[in-house]
Amino acid sequence: MSGTTSGLRGAVSRICLGMALAGGAVTTLTLATTAPAWAQDFRFNQVSVTGTQRVDATTVLSYAAIPRGQAVSAGELNDAYQRIVNSGLFETVELTPRGGTLVIAVQEWPTISRINIEGNKRLDDDVLLGLIDSRPRRVYDPLQAENDAAKMAEAYAQRGRLAATVEPRLIRRSDNRVDLVFEVTEGRVVEVQRISFVGNRSFSERRLRNVLQTRQAGLLRTFIQADTFIEERIAFDRQVLTDFYLSRGFLDFQILGVSSELARQRDGVFLTFSVREGQSFRIGQATAESAIEGVDAADFAAALRIDSGETYSPALIDNNIARLERLAIEKQLNFVRVTPRLVRNDAAGTVDVTFVLERGPRILVERIDIEGNTTTLDRVIRRQFNTVEGDPFNPREIRAAAERIRALGFFGKADVETRRGSSDDRVIVDVNVEEAPTGSLSFGGTYSVQDGFGLSVSLTERNFLGRGQFVSFTYAGGVDNTEASLSFAEPAFLDRNVRFSLDASYAETNNANNSYDTEVAFAKVGLEFPVSERGRFGITAGLGTTRMFDVGTASPIIQREAGRRNTHSIGYTYSYDTRRGGLDPNTGVLLRFGQEITGVGTTNQILRTTAFGRAETKVWNEEVTLSVDVEGGALTPLGGATTRATDRFFGGRNVIRGFQSNGLGPRDTASANGDALGGNYYAAARFESEFPLGLPDEYNITGGVFFDVGSVWGLQDTAGAGGAVDDSARLRAVAGFSIFWTTGFGPLRFNFSQPLVTETYDRTAGFDLTISTKF
């Protein structure tokens with residue numbers, strides 16, 4: 001659209017207003033006026049628009065809104081100019097009065113021909129392009145380009161490159177087209193060079209640093225991502241640090257602030273946590289009190305599991321509240337709430353706790369709505385609730401269900417909230433989840449001095465077909481053995497708190513230390529269910545077969561045991577684990593006991609009994625870990641059955657450190673290879689202490705000392721190559737020290753041992769190195 005031009009009489013002055021925009025574009029308002037300019041009014045009979053290509057001229061006129069034939073002030077022209085500029089459609093805008101015509105000259109933003117990213121090495125183009133909203137064949141938007149650059153810079157910041165910058169640049173092409181180029185300067189990773197604490201008196205900086213997810217930069221900083229500074233991680237660190245202190249009785253603990261100071265070279269951050277510990281409290285008296293008419297508190301007081309002198313912790317209180325509320329339901333008392341009332345005695349450092357039974361509001365759960373589970377079935381989430389539609393509303397139970405949903409590990413986010421239902425006495429529970437990857441393919445490696453290198457491949461799915469089922473296939477091979485296994489588990493068999501498992505495996509062993517080979521195959525099913533708060537009971541049944549072959553140069557005892565046997569089995573196990581409750585963060589006890597009859601349906605039935613116990617505690621401000629393991633086993637032949645080497649127990653570094661594989665126990669020393677025969681009985685006790693060595697925390701190196709004692713003994717057939725084999729219960733003892741090094745490749749353990757009590761035919765190992773990793 002074009003218009004006519006006419007000159008203005010008198011002296012003419014030009015007033016130009018400029019505005020810099022993104023991409024270097026400038027818009028200009030040029031007014032041709034007679035002096036004085038600020039008093040001049042204009043009248044336009046015609047408005048002309050030039051320079052439009054994609055945008056219609058009427059669109060420009062609608063933004064300008066200049067009346068025809070009426071007086072227009074310079075201010076009103078400036079307003080029209082601003083409206084056109086703010087439309088975001090044009091790179092340049094110029095308003096020029098020419099007599100009775102106003103000429104609006106515009107230049108539209110160019111079209112993006114293509115988008116390139118330059119200078120990026122740490123993040124691929126596909127990753128960065130997936131973050132931006134600018135697209136080829138769309139009109140270039142400078143504000144959008146700036147936002148895209150900010151998103152890329154944020155992606156680098158999330159990976160610890162706070163100094164990274166991204167600048168959008170334009171390369172002009174013909175036909176009003178441009179190439180949009182994002183120039184990236186990645187900078188260096190900003191590491192956490194030091195984590196300090198101010199105000200801590202009860203725990204050392206070393207102990208508190210181990211609580212945090214953020215780590216200091218160490219020797220393997222290239223592989224350990226936890227030492228990269230990520231601001232969002234600090235919020236999580238604050239929470240876990242608070243939980244750490246609260247679980248140890250520090251009721252008044254506060255984090256006063258977290259400061260981060262950037263190093264002079266801008267490649268590191270110094271973090272300082274300012275805390276106020278307060279004092280640690282223990283339980284004084286714990287009682288129950290009823291505020292409900294007709295309800296006797298004595299039964300509830302008897303159900304408490306809380307002792308005077310026990311360290312106060314929120315978990316301890318919550319577990320007892322849950323216990324009392326379950327008891328109320330068993331007594332058919334609905335809408336009962338248990339409220340803890342705390343009375344502090346600062347002088348004595350104790351807290352008296354009274355659990356008050358109160359009548360809560362009569363509110364029912366109307367329904368439970370689940371959203372976001374694109375893979376996981378609704379019933380997998382619903383079974384985490386002990387509450388169903390129509391039950392009394394219990395806020396504590398809803399919170400506990402939310403924690404169980406998060407503990408599944410199936411979701412990146414799991415929010416559980418409540419809202420008013422169809423009436424004031426109804427609530428709706430909303431569950432909003434985001435699915436997370438649950439499958440993994442891992443390749444692993446192991447190494448030990450005796451067994452050499454080994455490789456493994458594992459394919460695991462923790463949420464098979466969205467049903468919450470576990471499926472795993474593993475193949476492992478070493479110098480002397482090969483093993484393949486398949487496992488399946490349903491954690492809620494028949495929608496009950498019963499775990500169903502199915503395991504199958506096949507293993508071949510070419511014993512480098514013995515003169516025979518073995519082949520073992522079995523398939524086993526099992527059911528496991530809770531029998532107490534911390535106890536579980538399981539039953540198993542299986543089919544199996546074992547074969548001993550290539551026994552030509554083996555001990556005569558082994559030769560008489562050669563051949564194939566069916567090892568069908570039935571059995572049971574019981575376990576007790578105080579670590580599940582987490583009530584004492586410094587002490588845990590694990591007990592296991594099991595019995596299994598193998599050879600069911602054959603003449604070689606053997607009762608296999610095993611027991612294991614472990615206790616662990618932290619002392620000296622939780623700097624030192626003390627642990628003791630006690631285990632043992634016995635084989636009892638039933639009827640005229642006889643045991644074989646594939647049935648018996650063997651002693652090695654897994655039982656007592658300082659010995660080679662199959663290094664202790666009955667041995668036919670007169671045979672060609674001095675074959676280890678194993679024993680029908682074994683017992684062992686292992687004592688260990690792990691402590692810091694005074695090295696910087698970021699090295700992840702600690703030390704330990706250990707003392708092991710035990711034996712393997714008992715044979716039915718002792719007629720070896722050179723006469724009777726010694727199968728007596730002769731005690732062995734070993735002492736030593738260990739170096740633990742947690743690396744980016746996996747945990748390394750160096751054991752240096754000195755046998756104290758051995759037999760002449762034992763095979764010892766003064767040094768052992770173990771590596772285990774996944775990659």
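**Figure 1. Seven residues build a nonpolar surface patch of about 660 Å².** The members are Leu-441, Phe-443, Val-457, Leu-459, Phe-473, Tyr-475 and Leu-486. The model shown here, as in every view below, is predicted. Three strands each give the patch at least two residues: strand 20 (439–448), strand 21 (452–464) and strand 22 (469–478). Tyr-475 sits in strand 22. Its relative accessibility is 40%, so Tyr-475 counts as partly exposed.

**Figure 2. Phe-649 and Tyr-682 form a tilted aromatic pair.** Across the whole structure, a search finds 19 aromatic pairs. In the pair of Phe-649 and Tyr-682, the ring centres are 4.9 Å apart. The planes meet at 45 degrees, so the pair is classed as tilted. Phe-649 belongs to the loop between strand 31 (624–637) and strand 32 (681–692), while Tyr-682 belongs to strand 32 itself, so the pair ties together parts 33 residues apart in sequence. Both Phe-649 and Tyr-682 are buried.

**Figure 3. Phe-737 and Phe-752 form a stacked pair.** Their ring centres lie 4.9 Å apart. The planes are at 15 degrees, which is why the pair counts as stacked. Phe-737 comes from strand 36 (residues 732–743) and Phe-752 from strand 37 (residues 746–757). Phe-737 has a relative accessible area of 42% and is partly exposed. Phe-752, at 32% relative accessibility, is also partly exposed.

**Figure 4. Five aromatic residues gather in one cluster.** The cluster consists of Phe-203, Phe-244, Tyr-245, Phe-250 and Phe-253.

**Figure 5. Charged side chains sit over the rings of Phe-522 and Phe-549.** Lys-524 lies over the face of Phe-522. The distance to the ring centre is 5.6 Å. Arg-547 places its charged end over the ring of Phe-549. Here the distance to the centre is 3.9 Å.

Figure 6. Leaving aside residues up to four places away in sequence, Arg-137 touches Thr-111 and Ile-112. Arg-114 is 23 residues from Arg-137 along the chain. The C-alpha atoms of Arg-137 and Arg-114 are separated by 7.6 Å.

Note on methods: Residues are numbered from 1 along each chain as its sequence is written. This is a predicted model: local features need pLDDT of at least 70, side-chain atom pairs count only at pLDDT 80 or more; totals for chains, interfaces and linings use all residues. Side-chain values use heavy atoms; hydrogens and water are left out. Contact means heavy atoms within 4.5 Å. Patches are made of residues with over 30% relative accessible area and no salt bridge: like charges are joined within 9 Å, nonpolar side chains (Val, Leu, Ile, Met, Phe, Trp, Tyr) within 5 Å. Accessible areas come from the Shrake-Rupley method with a 1.4 Å probe; for residues, only the protein chains shown count as cover. A salt bridge is a side-chain nitrogen of Lys or Arg within 4 Å of a carboxyl oxygen of Asp or Glu. Helices (H or I, at least four residues) and strands (E, at least two) are DSSP runs, numbered from the N terminus. Buried means under 20% relative accessible area, exposed over 50%, partly exposed in between (1.4 Å probe, protein chains only). Rings of Phe, Tyr and Trp (its six-membered ring) pair if their centres lie within 6.5 Å; planes under 30 degrees apart count as stacked, over 60 as edge-to-face and the rest as tilted. A charge sits over a ring if NZ of Lys or CZ of Arg is within 6 Å of the ring centre and within 35 degrees of the ring normal.
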